[in-house]
Each structure stands twice: as structure tokens, then as C-alpha cells.
Amino acid sequence: MSEAIQAFIKAQDDMGSALKNAKNPFLGNKYADINAIQEAVHPVFHANGFMITQEGNADEFGQYIETKLTHTSGQTFSSKVYLEYKKSDMQSLGGAITYARRYGLVSLTGIPVEDDDANTANGVQHMRMKQATKKAKNGSREERLLERG
């Protein structure tokens, strides 16, 4: 298995959930905005050697936003989300770009999106358990090194 795939798996394992922190005024549903997604994704993928870019481009199928995760090894993972918007309407285009960036990042990283309620408490507990497990593993390694010392 490649170094980049191993790093991707570790990043997904270390990643928490993005919280639904915004409300759609038209439908009334809650969703995780682009900032919530980025706050949950960027730190863990950066810590595992990934650069994240989101660029606009076009091909024979239309305009799209391409989300790329490029690992320090040079391997790249990418996803394209095609834009749907009203022509000659910059606000519609801006909304389509934000939507494509959000969905590209969610689909490529596999980040779970949860409601900011009881799930939040469960997520905090889950992250604390992960941190405690890591500390215990690191402590065990440190103790073995000291014993050898």
C-alpha cells in the first residue's frame, strides 16, 4: 500500500465530524457550511502530509470545481463537482462555486456531517477517547524506550 494511501487512511481515522452550523433560509434544513467542513478536514489532512486545493476549470461536460488532495509523496486524489447556476448571474455562480467546494471536500475526504445536538456530545466523547488511546500508546512507547535506555 502506498505511503499516500496510508496517510489518507490515518487522516480519515483522526478526523472528527463537521457540525451542521448553518440553516438554509429557503428549506429550513441545517447544513455544515464550507468553514465547518474546512475546520474539520484541513488540520488532519495537513498533519498527514496533504495539501488541499480547489480550482475552477472546464471540460467538454461543463464548468467544475476540482478538489485535490496532494500528498508529499506526489500522489494526488481528486474529485470534480460540476456547476449548475443561472447564466449571467454572479450571485448564482458564487453560490454554485461554494456548493461545489463544500461537496467536493465532503465527498473526497468522507467526512461525516452531524447535527449540533446530542451527536456533538458523542463526538466530543469519541475524540477524547481517541486522544486518550493515542496518549496511552505513546506512553507505552516512551516507557519501553526509558526501560531500554
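Predicted model: local features only at pLDDT ≥ 70, side-chain atom pairs only at ≥ 80, totals over all residues.
Some ground rules. Local features need pLDDT of at least 70, side-chain atom pairs count only at pLDDT 80 or more, and totals for chains, interfaces and linings use all residues. Residues are numbered from 1 along each chain as its sequence is written, and side-chain values use heavy atoms, with hydrogens and water left out. Helices (H or I, at least four residues) and strands (E, at least two) are DSSP runs, numbered from the N terminus.

Start with helix α1, residues 3-14. Its end C-alpha atoms are 16 Å apart. Which residues of α1 are buried? They are A4, A7, F8, A11 and D14 (buried means under 20% relative accessible area, 1.4 Å probe, protein chains only). They cover an arc of only 130 degrees around the axis, so they sit on the same side of α1 (the arc is that of the directions from the helix axis to the C-beta atoms).

Now the strands. β4 (residues 50-59) pairs antiparallel with β5 (residues 62-71) over ten bridges (pairing takes at least two DSSP bridges). F50 stands opposite H71 in β5. Two residues separate β4 and β5 in their hairpin. Next, β5 runs antiparallel to β6 (residues 76-82), joined by seven bridges. T67 stands opposite S79 in β6. The hairpin of β5 and β6 has four residues between the strands, and there G74 takes a positive phi near 105 degrees.

Conventions:
Expected span 1.5 Å × (residues − 1). Buried < 20%, exposed > 50% of the residue type's maximum accessible area, 1.4 Å probe, protein only.
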